[in-house]
Amino acid sequence: MTLTANGSAILALPAVQEMVAPAHWRAIDFISDLHLSAAMPATHAAWCDYLGNTCADAVVMLGDLFELWVGDDARDSPFEQSCVATLADAARHKPLFFMAGNRDFLLGPAMLAASGMQGLCDPTVLTAFGTRALLSHGDALCLDDAPYQAFRQLVRSPAWQSDFLAKPLAERLRIASEIRAHSASRREFDGAASADVDQPSAIAWLLATGAADFIHGHTHRPGSEPLDAVHTRHVLSDWDLDQHERAEVLRWTVAGLRRLTPAHAHLHSA
């Protein structure tokens with residue numbers, strides 16, 4: 001943390017990955033917070049259909065692709081195997097990029113290789129169509145929820161991850177299920193329901209990276225809003241087509257950013 005002149009805390013900008021879109025790209029899709037699991041068959045089916053049919057030149061997944069990921073050896077389980085197959089097939093036709101979220105931060109090199117996804121650091125700056133956008137899952141900037149940030153710091157530490165991944169898969173699944181059950185009241189995985197991205201820190205990150213737009217997920221509050229006179233944030237939708245009719249793709253073209261349903265992502269005019 002750093003302090004501004006008025007004493008407010010600003011989260012220091014981590015190391016930033018730079019990515020430049022090839023000149024031939026005409027459309028880039030952003031999605032996040034699908035929380036894929038065998039318990040959400042309609043959501044999973046819509047995602048499979050979307051990946052197989054989108055006309056975008058690239059798809060960027062900004063975290064929480066999976067409801068839970070306890071290590072790359074989980075990819076051999078039946079549901080995860082089907083997801084790997086869907087990703088690998090789509091990756092043969094277009095680049096797929098993945099940034100870890102708060103539920104799938106243990107997704108590692110073995111899963112990336114098996115699925116054909118390319119990993120992105122959080123945050124990443126993407127330059128396309130003559131402008132720069134800052135990409136993040138978003139949870140690191142939910143600073144008002146101190147308990148969640150403490151939990152996040154713990155589970156992102158190499159020591160904790162090394163110890164956790166050394167446990168048998170069944171034990172890891174049990175531990176994760178217990179944490180998830182507890183999070184129904186405290187929401188360790190997601191933070192407090194009221195938490196949102198810290199606006200001063202978001203603006204500071206945008207100024208430091210020279211980006212005009214901030215694209216993130218995590219908060220499940222889709223929409224676009226100005227952060228100040230020159231910076232705008234775009235919050236991605238979560239996907240839930242089993243209990244709700246909620247799913248959205250944010251598409252970036254030379255004309256700007258616009259939202260569309262996954263079913264319309266195959267349209268070049270969308």
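**Figure 1. His218 counts as buried, at 6% relative accessibility.** Buried means under 20% relative accessible area, exposed means over 50%, and partly exposed lies in between, for a 1.4 Å probe and protein chains only. The model is predicted: local features need pLDDT of at least 70, side-chain atom pairs count only at pLDDT 80 or more, and totals for chains, interfaces and linings use all residues. Residues are numbered from 1 along each chain as its sequence is written, and side-chain values use heavy atoms, with hydrogens and water left out. His218 sits in the loop between strand E10 (213–216) and strand E11 (223–226). Its phi is near 75°, a positive value in a residue other than glycine. His220 belongs to the loop between E10 and E11; its phi is positive at about 60°, although His220 is not a glycine. With a relative accessible area of 31%, His220 is partly exposed. Helices (H or I, at least four residues) and strands (E, at least two) are DSSP runs numbered from the N terminus.

**Figure 2. Strand E10 is covered on both faces.** In a regular strand, side chains alternate between the two faces of the sheet. On one side of E10 are Asp213 and Ile215, on the other Phe214 and His216, and all are buried. E10 runs parallel to strand E9 (residues 131–136), joined to it by 4 bridges. E10 is also parallel to strand E12 (residues 232–235), with 4 bridges between them. Two strands pair if DSSP finds at least two bridges between them. Asp213 in E10 stands opposite Ala133, and its bridge partner in E12 is Thr232.

**Figure 3. Strand E8 pairs with E3 and with E9.** Of the 5 residues of E8, 4 are buried, which leaves the strand mostly covered. Strand E3 (residues 17–20) runs parallel to E8 and is joined to it by 4 bridges. E9 pairs with E8 in the antiparallel sense, over 5 bridges. Leu126 in E8 is the bridge partner of Met19; in E9, the bridge partner of Leu126 is Ala133. E8 and E9 form a hairpin with 2 residues between them, and Phe129 in the turn has a positive phi of about 55°.

**Figure 4. Asp122 and Pro123 are joined by a cis peptide bond.** Omega is about 5° at this bond. Pro123 is found in the loop between strand E7 (118–120) and strand E8 (124–128).

**Figure 5. The second largest pocket holds about 280 Å³ of space.** Of the 15 residues that line this pocket, Ser37, Leu68, Glu80, Leu173 and Arg180 are the closest to its centre. Helix H2 (78–91) and helix H6 (169–186) are the elements that give two or more residues to the lining. H6 gives the most, with 4 residues. The lining divides into 9 nonpolar, 3 polar and 3 charged residues. Here Ala, Val, Leu, Ile, Met, Phe, Trp, Tyr, Cys and Pro count as nonpolar, Asp, Glu, Lys and Arg as charged, and the others, Gly among them, as polar. A pocket is an open set of points on a 1 Å grid over the protein atoms alone, where a 1.4 Å probe fits, with protein on both sides within 12 Å along at least five of seven lines; lining residues have an atom within 4 Å of a point. Grid points are joined across faces, edges and corners, and the volume is the space filled by probe spheres set on the points.

**Figure 6. A search of the whole structure finds 0 disulfides.** A disulfide is a pair of cysteine sulfur atoms within 2.5 Å. Cys55 is buried, with a relative accessible area of 16%. For Cys121, the closest cysteine sulfur is in Cys142, at 20 Å, which is also too far for a bond. Cys121 is partly exposed, with a relative accessible area of 42%.

**Figure 7. The chain comes to 7 helices and 14 strands.** Of its 270 residues, 51% count as buried. The C-alpha atoms fill a box of roughly 50 × 45 × 35 Å, taken along the principal axes. The radius of gyration of the chain is 18 Å, which agrees with the value near 18 Å for a compact globule with 270 residues. This radius is taken over C-alpha atoms, and the globule rule is 2.2 Å times the number of residues to the power 0.38.
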